[in-house]
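Please look over the sequence and the fold before reading on.

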Amino acid sequence: MRRFSELLDRLVLTPSRNGKLRLLTDYFAGVPDPDRGHALAALTGGLDFPSVKPAMLRALVMERMDEVLFAYSYDYVGDLAETISLVWPAPESVDEVEAPALGHVVETLSRVSRSDAPTVIAGLLDRLDPSARFALIKLATGGMRIGVSARLAKQALAALGGRDVGEIEELWHGLEQPYETLFAWLEGRAGKPESAARALFRPVMLAHPVGEGDLERLDPAEYVAEWKWDGIRVQAVSEGGVKRLYSRTGDDISGAFPDLVAAFGGDVALDGELLVGDPIVRTGSFSDLQQRLNRKTVSKRMLADYPVFMRCYDLLHWEGEDLRQRAFEERRAVLEKVVPALDRHRFDLSPLVAFSRWDELDGLRRDPPHPVIEGVMLKRRDAVYSPGRPKGPWFKWKRDPFIVDAVLMYAQRGHGKRSSYYSDYTFGVWAGAEDDLQLVPVGKAYFGFTDEELKLIDKYVRDNTVERFGPVRSVRAEPGHGLVLEVAFEGLNRSTRHKSGVAMRFPRISRLRWDKPAAEADRIETLTALLAE
Amino acid sequence: MFSGKPFGGRSRLMIENDTPDKRVFRSGKKSLSFRRMKPQDLLHPRPEGLYCPPGDFFIDPVRPVDRALITHAHADHARAGHSSVLATRETLDIMRLRYGKDFAESRQTAAYGETIDLGGVVVSFHPAGHVLGSAQIAVEANGLRIVASGDYKRHLDATCAPFEPVRCDVFITEATFGLPVFVHPAPEAETARLIASLAQFPERAHIVGAYSLGKAQRIISLLRAGGHDAPILIHGALAKISRYYQGQGIRLGRLEPATVEEGAGTRAAGQIVVAPPSVLGDRWTRRFADPLSVFASGWMRIRQRARQRGVELPLILSDHADWNELTATIRETGAGEVWVTHGREEALVRWCELNGIAARPLNLIGYEDEAE
């Protein structure tokens, strides 16, 4: 348990992705089965212990200490699990007592009944150090927020075994905790785990952005184009009576979209875009779609107000055949037969966009016919479906971003490598009458600038600080004095959480306008006009 | 101003812990009766600091005063500008290093255990285990003994004399970590984590934020004891004090200056750099290779504290008593009354109430909450 709790403590404080990967890979390499497999399950969200509730833990600690002292402690620490882990009266050093291993803890928690849970949990807490007590409580109550995605854990496994992460994603849903066959394969002690499981995830094929000069070397006749829909990439798989909906990285998201899962079946693996609305009537915006994202369960009301459908653009498996080694045009031909046979309110076909020259397609890309389109996709007619991001067969060519000139208002210290720089910027645009201009914050961005530009902005922030609040500085920003930032963004949503009423999607700093007087930055009306579309 | 011995005569008598001293006081400014005093007549807070009216002196005053008794050399306890200062030799030495030789008009040394008569009040200094030269100050008159413990800890520390409990009627305790959540783990285990991280991330400079007097030298000493023999780079702010510690026979191994100009972003990969906490994540760290910020402090027990400061490797290492040390020490002194200062007074007062000990917060002002 100690190695696991140390890992959690380090992960949560390590900002860099590579640092996290190193911690994970070292952990998986150094910890034996089955503990590392249980840790992997915990990190990838595969554990659930319904018998343990926070209220029960609180009751346990109250039996053991003065309630006023507990209240002072909780008030100071602010997090219940952490407070309990710190104040739990147990020996600070547990070397003398044999501390339970992670595997033992997981097995105990998964077997315990609700009525036995208090005694069992107390018994475990008595034998753990504070850091391990915290890990136990987080594990038991299902609240691990440690900034590690399931994908990152899988990438650490890939690094451990010198494999491609796609291979692990493909195997993933057929594996069983605590993943001993997986580790045996990664360490070269056994072959690749064979799986009898059905409806597995197939690693997805991704596109490169169109770069400078890319298209000049390509023949338009070899490619087809489709609109690039602004939804989320999903894979719908049905096999032997098992149905699953997967995210782009192979997370099983079936539970969040029961309406879509109920609408297909048979022996099929479809690749496409999840969108809100009804394909026959209308396609909803990305902010509509956001209502349905990141939910474990979904209410009836939500299902009725924000129905989802899938706009299909590829077919990976059909009636017992793996189609991935066939050319795009062949797959597309089958897809065009398969999709119309499905529920018309839940599935439709991503239409092809006819063009003969790149400049013609460029015109379409710049002025798409629907607000949920964010550009075009290019797919080579003869390309097989290869997982990952191979260069050449697929390109994405996005609509140009929206641009606004905003004024820097607040700057916050960055993390990791940038912790000595003010690198996170909140910016605003003008509102109010010409003689009484006020800035309203409209967004925050922390990239898009070069390292050299970062140094200049950092200096500007330090030289123009008005007030400091912990890691944040407010920067002088008046009509007659301020730094104008050109901000690029992909779209605008209405927001009740922001004072300005708008929330930007994917904002980044596209240029520093040292030359532009602050008073000439944009007004809020420029943004609200975009919303009206 | 004062000449000769502003702090009065010395006695070779040691305070015996169990029997209150029954000596007759020499006459001071006003004559003291044998009637047992009220504790607040012997010591009470004033805006300048804790004041002793019969002895006419302050303990750790935060403003310049005539006569000051100083528990230890941390800046919030030891200020420059008093007329005369009575403190341990090490505390006086460190004050001189920090403030220059004219930090007070006159200075007098108190040896641990030695008693000094100040206008009929007997004072004595006893090791507090906080930093080099740190002392608790026992103040005694008419059979009443109050111990002002300054800052103290009970964990072993190779860089200073260990805390000695002094039996007393009233114990004045700090409460920097006066909450049950603060239990400091074994220091060796903490530095072992730093040494392990150095092996795991050999391409990164490990910048350790540690208070420049005491904590910095303690962590270096712990690293040496843990087998880390490589040169350690130190920030300029630590240089004089560390050299002084070495002069007192404390083994810190090879120390090299960290503050040189060249080598932007590439210096000290796989090395330990010790610096004051204020530089963590500041521009000063940009000269080092992918700096990994380490903070050695009792506050690191709380995850959010580490997160807020952008600390990647928190080490729970403190020169203050943790909750268990505070409560155990209160019991050991046998004090019937406890006055609680700087920190989380309310929880410690509550603990005293639950354990049948009279207690109240002292509400002294001017001491830093973050004096780590």
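A crossing of two helices is left-handed if the near helix is turned anticlockwise from the far one by less than a right angle, and right-handed if clockwise. In this predicted model, the crossing of α2(A) and α10(A) is right-handed. The two helices pack at an angle of about 60°, with their axes 9 Å apart, and α2(A) and α10(A) are therefore oblique to each other. On the α2(A) side the contact includes A:L21, A:L24 and A:F28, which meet a set of α10(A) residues including A:L152, A:A156 and A:L160. By type, the residues of this contact divide into 10 nonpolar, two polar and two charged.

Helix α10 of chain A covers residues 150-161, and its 12 residues should span 16 Å at 1.5 Å a residue; the end C-alpha atoms are 17 Å apart, which agrees. Among its buried residues are A:L152, A:K154, A:Q155 and A:L157. The cover over the buried residues of α10(A) includes α2, α3, α11 and α12 of chain A. Just after α10(A), A:G162 has a positive phi of about 60°.

Between α2 and α3 of chain A lies A:P34, joined to A:D33 by a cis peptide bond with omega of about 0°. Another cis peptide bond joins A:Q177 and A:P178, and A:P178 lies in the loop between α11 and α12 of chain A. A:Y179 is in the loop between α11 and α12; its phi is positive, near 60°, although it is a residue other than glycine. A:Y179 is buried, with a relative accessible area of 5%. A:A199, in the loop between α12 and β1 of chain A, is not a glycine but has a positive phi of about 55°. At 0% relative accessibility, A:A199 counts as buried.

Definitions and conventions:
Residues are numbered from 1 along each chain as its sequence is written. Chains are lettered from A and ligands numbered from 1 in the order in which they are written. This is a predicted model: local features need pLDDT of at least 70, side-chain atom pairs count only at pLDDT 80 or more; totals for chains, interfaces and linings use all residues. Side-chain values use heavy atoms; hydrogens and water are left out. Helices (H or I, at least four residues) and strands (E, at least two) are DSSP runs, numbered from the N terminus. The expected span of a helix is 1.5 Å times one less than its number of residues. Buried means under 20% relative accessible area, exposed over 50%, partly exposed in between (1.4 Å probe, protein chains only). Contact means heavy atoms within 4.5 Å. Axes are lines fitted to C-alpha atoms, for helices over the stretch in contact, and angles run from 0 to 180 degrees between N-to-C directions. Angles under 35 degrees count as roughly parallel, over 145 as roughly antiparallel, 65 to 115 as roughly perpendicular and the rest as oblique. Ala, Val, Leu, Ile, Met, Phe, Trp, Tyr, Cys and Pro count as nonpolar, Asp, Glu, Lys and Arg as charged, and the others, Gly among them, as polar.
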